[in-house]
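I opened the model and kept short notes on what I looked up. The entries follow in the order in which I made them.

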Amino acid sequence: MNHLQKAADLLLNAEYLIVLTGAGISKESNVPTFRGKDGLWKQYNAMDLATPQAFSQDPQLVWEWYTWRQKLIATCIPNPAHHTLANWEKNGTLKSLITQNVDGLHRKAGSTKVIEVHGDIWTLKCTRCSFHSRKTEPAEGIPTCPTCNANLRPDVVWFGESLPSMIMDQIFVELQKADTILVIGTSALVQPAASFPLLVKRQGGRILEVNIEETPLTFAADVHLSGKAGEILPQLDQLL
Ligand code: OAD
């Protein structure tokens, strides 16, 4: 049996399928990934741009980088991988989608059961009070809080920050229910997300991986499908 058919059989037999996605799923939508040849972390230093210390030292620089990314993402549209997952949610195949991406493309494709582990680049939050607001336009300069006038920051998780406990609670509920996890386009290097599939495996579940290369998770995968998410997901869909 070929790998694609084996993966389709596992999906067909899944009682509670969840998905974990990373930057690779948005690569074919022209959103840059973080690692690899053209990755953002090859060109930019994460410590200067994606830490709370960087923001308090130079909010202007951090906002310039996020505004640039917001402008770039604003031009991107979901690709067939995002659309396939949105359809699987609608037809009941997929129970929930955990993403490390902040680009909002899963929601743009129509997915609603999305848990954004690393936040959302379009949501701003106040550095002092509880103000939150979701924008559709890229930020200009350093946006300030309409309530307390402190600087607003992107509502994303930076290096050195913990994931919000509400998000972690939601994720653990899903991981406990899952008997199958499909992992798409993540280097599986950033914790805690990199461990989520292993938690499903430990309780007897299956891991399916879609990636253009092998990752530290490949050894644990029941099936590794090598290729682009935007091509493999529609092929899998044809077999369901
Ligand atoms: P990475 O950039 O680390 O990894 C992208 C993965 O996608 C790699 O394993 C690639 O092989 C794979 N890939 C690239 N193109 C693909 C395609 N067309 N189809 C399938 N796979 C493809 O991205 P993440 O694993 O998402 O965190 O990175 C995790 C976190 O590190 C990010 O959420 C971000 C970053 O620092 C924060 O900003 C907190």
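I looked up N149 and found it in the loop between β5 (132-134) and β6 (152-156). N149 is not a glycine, yet its phi is positive, about 75°.

Before going on I noted the ground rules. This is a predicted model, in which local features need pLDDT of at least 70 and side-chain atom pairs count only at pLDDT 80 or more, while totals for chains, interfaces and linings use all residues. Residues are numbered from 1 along each chain as its sequence is written, and side-chain values use heavy atoms, with hydrogens and water left out.

Next I checked P192. I found P192 in the loop between β7 (180-184) and α10 (196-202). The peptide bond that joins Q191 and P192 is cis, with omega about 5°.

Then I went to N91, in the loop between α7 (80-90) and β2 (94-99). The side chains of N91 and T93 make a polar contact of 2.5 Å. A polar contact is a pair of N or O atoms within 3.5 Å; within protein, one must be able to donate a hydrogen and the other to accept it, and residues adjacent in sequence count only if both atoms are side-chain atoms. I also read off the C-alpha separation of N91 and K113, which is 13 Å for residues 22 apart along the chain.

I turned to the ligand. Which residues are the closest to it? They are F34, R35, T186, S187 and N211, out of 23 residues that surround the ligand, each with a heavy atom within 4 Å of it.

- An N or O atom in the side chain of T186 is 2.6 Å from an oxygen atom of the ligand.
- A backbone N or O atom of A229 is 2.9 Å from a nitrogen atom of the ligand.
- A polar backbone atom of G24 is 3.5 Å from an oxygen atom of the ligand.

Taken alone, the ligand exposes 800 Å², and the protein buries 94% of that (Shrake-Rupley method, 1.4 Å probe; for residues, only the protein chains shown count as cover).

Last, I looked at the whole protein chain. I noted 11 helices and nine strands. The C-alpha trace spans about 60 × 35 × 30 Å along its principal axes.

Methods
Helix = DSSP H or I, 4+ residues; strand = E, 2+ residues; numbered from the N terminus.
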